[in-house]
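The following paragraphs lead the reader through a protein model, from a pair of helices to a pair of rings and then to a pocket. Please keep the sequence and the structure in view while reading.

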Amino acid sequence: MTNQNKETNDMYLIPSLVQTKRQVDRHQLDVDAQAVLVASRLMVAGAKLGHAAEIHFSRFGLSTGRYRLLADLEDNDGEELPSQLAENLGVTRATVTGLIEILERDGLVARRTSSLDGRQKSVILTAKGAKKLTDMASEHFARLEAMVGLLTIEERSVFLDLLGRVTQGISALTEESIDFSEPQS
């Protein structure tokens, strides 16, 4: 991408650095406007990516959550406890239960007594569920590759590092106990 194209594309990104600086100044805050801009654009990109992912997975009759559950089962030899699935997917047990019910209705998973702990029910990837993952793999992974196709291998490595660090900071949006008050002098 040439610098001219980059500048043209940046003009359409909202908010701009100028807008962000105006907002920070309007509220007389002592925060880095560029940091706020990066976080704001990341949130916009996340929302767009979430919407695009739902369109993508709907091609295969799935949602993002249902796909992630099937893929997690596949990665764990086709059997897991619901509590393990919830932990691996980073969602609540109630969310996993809802995903399992839909996937079970569609014949993609089943529940049976756990081979690890006979007191509990495991979720099993059915042959139909495994076939679904196999059938969609080629198009799914080709589209993921295309999504980041404008990045070089080196840029992808840097992006993965940056994404990891940004992900660590997400708790700043969710934790209740962070003190953002002005330091006392």
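The axes of α4 (64–75) and helix α6 (residues 93–105) come within 10 Å and cross at roughly 85 degrees. Axes here are lines fitted to C-alpha atoms, for helices over the stretch in contact, with angles running from 0 to 180 degrees between N-to-C directions. Angles of 65 to 115 degrees count as roughly perpendicular, and α4 and α6 are therefore roughly perpendicular to each other. In their contact (heavy atoms within 4.5 Å), α4 takes part through G65, R66, L69 and L70, and α6 through V96, L99, I100, I102 and L103. These residues divide into 7 nonpolar, 1 polar and 1 charged.

This is a predicted model: local features need pLDDT of at least 70, and side-chain atom pairs count only at pLDDT 80 or more, whereas totals for chains, interfaces and linings use all residues. Residues are numbered from 1 along each chain as its sequence is written, and side-chain values use heavy atoms, with hydrogens and water left out.

Aromatic rings come next. The count comes to 1 aromatic pair, where rings of Phe, Tyr and Trp (its six-membered ring) pair if their centres lie within 6.5 Å. The ring centres of F57 and Y67 are 4.7 Å apart and the planes stand at 20 degrees, so the pair is stacked (planes under 30 degrees apart). Because F57 lies in helix α3 and Y67 in helix α4, the pair ties together parts that are 10 residues apart in sequence.

The second largest pocket holds about 490 Å³ of space. Of the 16 residues that line this pocket (an atom within 4 Å of a point of the 1 Å grid), the closest to its centre are L49, A53, F57, T64 and L144. At least two lining residues come from each of α3 (33–58), α4 and α7 (127–147), and α3 gives the most, with 8 residues. The lining divides into 8 nonpolar, 4 polar and 4 charged residues.

Notes
1 Å grid on protein atoms, 1.4 Å probe; cavity = no way out; pocket = protein on both sides within 12 Å on 5 of 7 lines; lining within 4 Å. Points joined across faces, edges and corners; volume = space filled by probe spheres on them. Helix = DSSP H or I, 4+ residues; strand = E, 2+ residues; numbered from the N terminus. Nonpolar A, V, L, I, M, F, W, Y, C, P; charged D, E, K, R; others polar. Parallel < 35°, antiparallel > 145°, perpendicular 65-115°, else oblique. Phe/Tyr/Trp six-rings, centres within 6.5 Å; stacked < 30°, edge-to-face > 60°.
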